[in-house]
Amino acid sequence: MSERITAANLDEVIKRNEVIEEQMKQSASLIWSKYNPMQINSPIQLALQILRPYGLIQLPIDNRYLSGAIFVRDGKRIPLINTALPRANQYFTAWHEIYHLLFDEVSFDHLIKSEILMEERKAECFAACMLLKGVERYYEDLTKMDFISKIFYCMATFQAPYKSVLVSLYEYAVQSKNEELCCKIKEVFDLQFDNLAEKFQMLGLDDSLVTPSYVINTSSLQEKIKKSMENNPELNYHKDNEAFLKNIMTEISMIIRRS
């Protein structure tokens with residue numbers, strides 16, 4: 001699970017991002033060149049296209065600190081996205097989990113906490129590279145309006161969560177030595193919005209981005225089981241896969257009960 005970013009640790013997070021930023025940009029470029037044979041332009045649709053062959057599970061879980069996870073059983077990796085969170089968080093989580101699936105060579109078989117924490121930071125930075133490229137230019141070109149409204153416009157355009165937008169803009173502010181923007185971001189970074197959908201509506205923005213989808217979908221994993229049965233009807237692989245699905249769903253149910 002990723003660290004919680006606040007105004008208090010924002011500068012520390014930015015410093016760690018500086019070390020890995022170029023590597024994550026290269027990984028993001030690789031996604032468009034190697035993992036996008038259908039030339040999908042939408043980062044959101046591309047993320048789902050990449051995740052589905054892994055048996056993506058989408059379920060609403062009443063735990064705002066659990067945005068997603070990857071379950072590992074018998075060498076198989078199954079991604080989970082919590083659909084009880086706003087869609088913007090789901091999109092960011094999708095790319096976070098894709099990093100772990102495609103580029104993370106540490107978290108699945110290492111126990112060194114510092115290395116795993118760095119992989120989590122890389123996953124967050126990678127997701128930002130996939131969703132928020134150019135957000136600083138868009139922000140600067142916005143017409144005059146209050147600062148929070150500008151952030152909401154950035155969220156709507158780049159389909160990204162509130163804090164993710166602020167982190168990217170803070171990186172830009174630090175690099176460009178824009179102290180005024182740095183201060184503005186820290187002042188609003190830890191704000192909580194109970195009526196975010198209403199604020200989007202008042203600005204004429206699509207409020208579905210900041211509301212949950214509550215999707216329940218295990219079809220990708222079930223499709224993998226079906227294909228295994230069709231390709232190897234004489235073998236018992238499908239029984240193992242059915243047991244695997246049952247175990248995954250049981251584990252998810254345990255998480256829901258604990259949350």
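1. Let us start with Gln159, which is partly exposed at a relative accessible area of 27%. On this scale buried means under 20% relative accessible area, exposed means over 50%, and partly exposed is in between, with a 1.4 Å probe and protein chains only. Gln159 sits in the loop between helix 6 and helix 7. Its phi is near 55 degrees, a positive value in a residue other than glycine.

2. A word on the basis of these remarks: this is a predicted model, in which local features need pLDDT of at least 70 and side-chain atom pairs count only at pLDDT 80 or more, while totals for chains, interfaces and linings use all residues. Residues are numbered from 1 along each chain as its sequence is written, and side-chain values use heavy atoms, with hydrogens and water left out.

3. Tyr214 lies in the loop between helix 9 (196–202) and helix 10 (219–231), and it is exposed, with a relative accessible area of 52%.

4. Thr218 belongs to the loop between helix 9 and helix 10 as well. Here the relative accessibility is 15%, so Thr218 counts as buried.

5. Now for the overall layout. The chain has eleven helices and three strands; these are DSSP runs, H or I of at least four residues for helices and E of at least two for strands, numbered from the N terminus. Read from the N terminus on, the order is α-α-β-β-β-α-α-α-α-α-α-α-α-α. Of the 259 residues, 45% count as buried. Among contacts (heavy atoms within 4.5 Å) with a separation of 6 or more, 65% join residues 24 or more positions apart.

6. How do helix 6 and helix 7 meet, and at roughly what angle do their axes cross? The axes of helix 6 (residues 147–158) and helix 7 (residues 162–175) come within 9 Å and cross at roughly 105 degrees. Axes here are lines fitted to C-alpha atoms, for helices over the stretch in contact, with angles from 0 to 180 degrees between N-to-C directions. That makes helix 6 roughly perpendicular to helix 7, the class for angles of 65 to 115 degrees, where under 35 is roughly parallel, over 145 roughly antiparallel and the rest oblique. Helix 6 brings Ile148, Ile151, Phe152, Cys154 and Met155 to the contact, and helix 7 brings Tyr162, Val165, Leu166 and Leu169. By class, that contact has nine nonpolar, no polar and no charged residues. In this scheme Ala, Val, Leu, Ile, Met, Phe, Trp, Tyr, Cys and Pro are nonpolar, Asp, Glu, Lys and Arg are charged, and the others, Gly among them, are polar.

7. Helix 2 (residues 43–51) is worth a look too. Its buried residues are Ile44, Leu46, Ala47, Leu48, Ile50 and Leu51. They pack against helix 1, strand 1 (57–59), strand 3 (76–82), helix 3 (87–102) and helix 4 (113–131).

8. Within helix 3, please look at Thr93. This residue is buried, with a relative accessible area of 5%. Leaving aside residues up to four places away in sequence, Thr93 touches Ser67, Gly68 and Ile81.

9. On a 1 Å grid over the protein atoms alone, a cavity is a set of points where a 1.4 Å probe fits but cannot get out; a pocket is an open set with protein on both sides within 12 Å along at least five of seven lines, and lining residues have an atom within 4 Å of a point. Points are joined across faces, edges and corners, and a volume is the space filled by probe spheres set on them. The count comes to one cavity of 30 Å³ or more, and the largest cavity holds about 30 Å³. Its lining consists of Ile14, Glu18, Glu21, Glu171, Val174 and Gln175, with helix 1 (10–34) and helix 7 each giving two or more residues. By class, the lining has two nonpolar, one polar and three charged residues.

10. Finally, the second largest pocket has a volume of about 530 Å³. Of its 21 lining residues, Lys25, Cys129, Leu132, Lys133 and Gly134 lie nearest its centre. Helix 1, helix 4, helix 5 (135–141) and helix 7 each supply at least two lining residues. The lining divides into eleven nonpolar, four polar and six charged residues.
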